[in-house]
Amino acid sequence: MSVEKIMVVDDDALGREYLCETLKRGGYEVIGVGNGQQAISRISKEDFDLIFLDMKMPGMDGMEALEKVKGISQETVVILMTAYGTIESAVEAMRKGAYDYIIKPFSPDQIELLISRVNERQKLIAENKYWRSASGTDEKSEPVYGKNSKMAQIYEQLKKIAQSKASVLIQGESGTGKELVARAIHYFSPRCDKPFIRVNCAALAESLLESELFGHERGAYTGAVAKRVGRFELANEGTLLLDEISEISPNIQAKLLRVLEEEEFERVGGEKTIKIDVRIVATTNRDLTKEIQKGTFREDLFYRLNVVPIHLPPLRERREDIPLLIKSYLKKYSSENNSCVKSIAKDAMDYLCQYNWPGNVRELKNIIQRAVVMGSSEDLELSSFTSLLDTRKVEHRTIGNDSVSIKNNGQSIEDAEKELIFTTLEKTGGNKTKAAELLKITTRTLRNKLNKYNIEDKNSVEGDVFSHIE
Ligand SMILES: Nc1ncnc2c1ncn2[C@@H]1O[C@H](COP(=O)(O)OP(=O)(O)OP(=O)(O)O)[C@@H](O)[C@H]1O
Ligand SMILES: [Mg+2]
């Protein structure tokens, strides 16, 4: 992420040597060339993080070289070097994508300052890229609810754990709040204003995961057209969440072990050793000790990760948390959706408290959200849940094939239609066009129906409700 390799392009040999030497003393890898053509031919073969480009050169001048550089590598930072008389054109060059200009003669301090600004900017760009590509909402401000004694104990433990840098392994069934707890650890920690970066180890094939974690150099493999900064580097000084750690291959397990032990690694296809300071939190919904017995997970890595173990109990083992969660989600979704729903009938509450919740808190959250969005009276009735939960338990329907069967438990046609629309949207991840296709209606008809049921234009329909149902 930070500047490593620099090119100096200047036809004035003395000035070029002076700058090259200054930079080399600063620990950078530096290449000096005497004209624009040479610069372009090297840039098309190698990656440079930063180029100092002289404005006035015989043949190809700085402006032309700048355009060519940007054509080859948009991400390379270019700083123009100019004499007093040519400041205007330097300003023009900034419009064409130069990062800054510096007036000759300059001091080593000025150069150092410039590079540190470039580093800051590169870091921001890399972080922004990550956030744009990261799926899901940022839940950093979401509270962790629970009054169950085990949960309270975990919560207390969290604050203490957060102060150290010890690796944490969070185990628990799907939807029990592992990611939420990982975020809490980060935000309670002294690293809270540094990045919290998440990698879903189950979502990527081995080679992709490797470059996602460690980054790669240009040409490390086919398709690696530019240098890429990995998530370990992005998470530097912050926290890295390795989600579903049981899914990583033996090769990556070995690499991970080294990072945990030595806090250093190399990018894929690279030779330079990169030092980092990252707090690791890993999660799994599998029993890793069993994976060790099977020989699919390294025991030494397990002990490195499991310095602080946290076991999140399934919701059915902490039923006293159910009313608390229901009430808080009811409040949240009711106000987010301007819903008329304000409370829940007692028999409905009892019913939800007895339910088994195989999808744990995530399932509960989704069901309350859905009930609030679809609810049409102040009280959520038992009937709005029996159908939802029953259908989940009996897995009664198939969508996408020809058969769609709905068990009738006192539902009206409208309710059934609403529900079918929801289930289909759930199936398509919120994609209305695909949902309409499956329902064999036009997208317009689907939109009309969503409007009719007052569920159109609520971001939650395409966002939260469906993205969390897995
Ligand atoms: N104790 C809790 N208080 C409030 N919300 C919670 C709690 N536990 C979980 N949630 C919510 O439930 C949802 C699922 O939680 P999370 O994503 O952390 O689960 P997970 O254990 O990582 O699941 P998976 O294994 O499927 O990734 C999130 O929206 C989270 O905010
Ligand atoms: Mg998770």
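Select Ile 185 to begin; Ile 185 is found in helix α7. Helices (H or I, at least four residues) and strands (E, at least two) are DSSP runs, numbered from the N terminus. This is a predicted model, in which local features need pLDDT of at least 70 and side-chain atom pairs count only at pLDDT 80 or more, while totals for chains, interfaces and linings use all residues. Residues are numbered from 1 along each chain as its sequence is written, and chains are lettered from A and ligands numbered from 1 in the order in which they are written.

Is Ile 185 buried or exposed? Ile 185 counts as buried because it has 25 C-beta neighbours inside 10 Å. A residue is buried if 20 or more other C-beta atoms, placed from the backbone, lie within 10 Å of its own, exposed if 12 or fewer, and partly exposed in between. Next, display Leu 158, Ile 161, Ala 162, Val 168 and Val 281, which Ile 185 touches when residues up to four places away in sequence are not counted. Contact requires C-beta atoms, placed from the backbone, within 7 Å.

Now select ligand 1. It is surrounded by 19 residues, of which the closest are Ser 174, Gly 177, Lys 178, Glu 179 and Val 361. A residue is near a molecule or strand if its C-beta atom, placed from the backbone, lies within 6 Å of it. Helices α7 (178-188) and α15 (360-374) are the elements that give two or more residues to this shell. Colour domain 2 (149-313) and domain 3 (319-467): both contribute to the shell, so ligand 1 lies between them. The domain bounds come from an automatic or database domain assignment.

Then move to the sheet. Five strands form an open sheet with parallel pairing, in the order β2-β1-β3-β4-β5. Its edge strands, each pairing on one side only, are β2 (29-33) and β5 (100-103). Two strands pair if DSSP finds at least two bridges between them. Strands β1 (residues 5-9) and β3 (residues 50-54) have four bridges, and β1 is joined to β2 by five. Select Val 9: it stands opposite Leu 53 in β3, and its bridge partner in β2 is Val 33.

Finally, select helix α3 (residues 62-72), which lies across β1, β3 and β4 (77-82) and runs at about 155 degrees to β3. Axes are lines fitted to C-alpha atoms, for helices over the stretch in contact, and angles run from 0 to 180 degrees between N-to-C directions.

Key: Contact = placed C-beta atoms within 7 Å.
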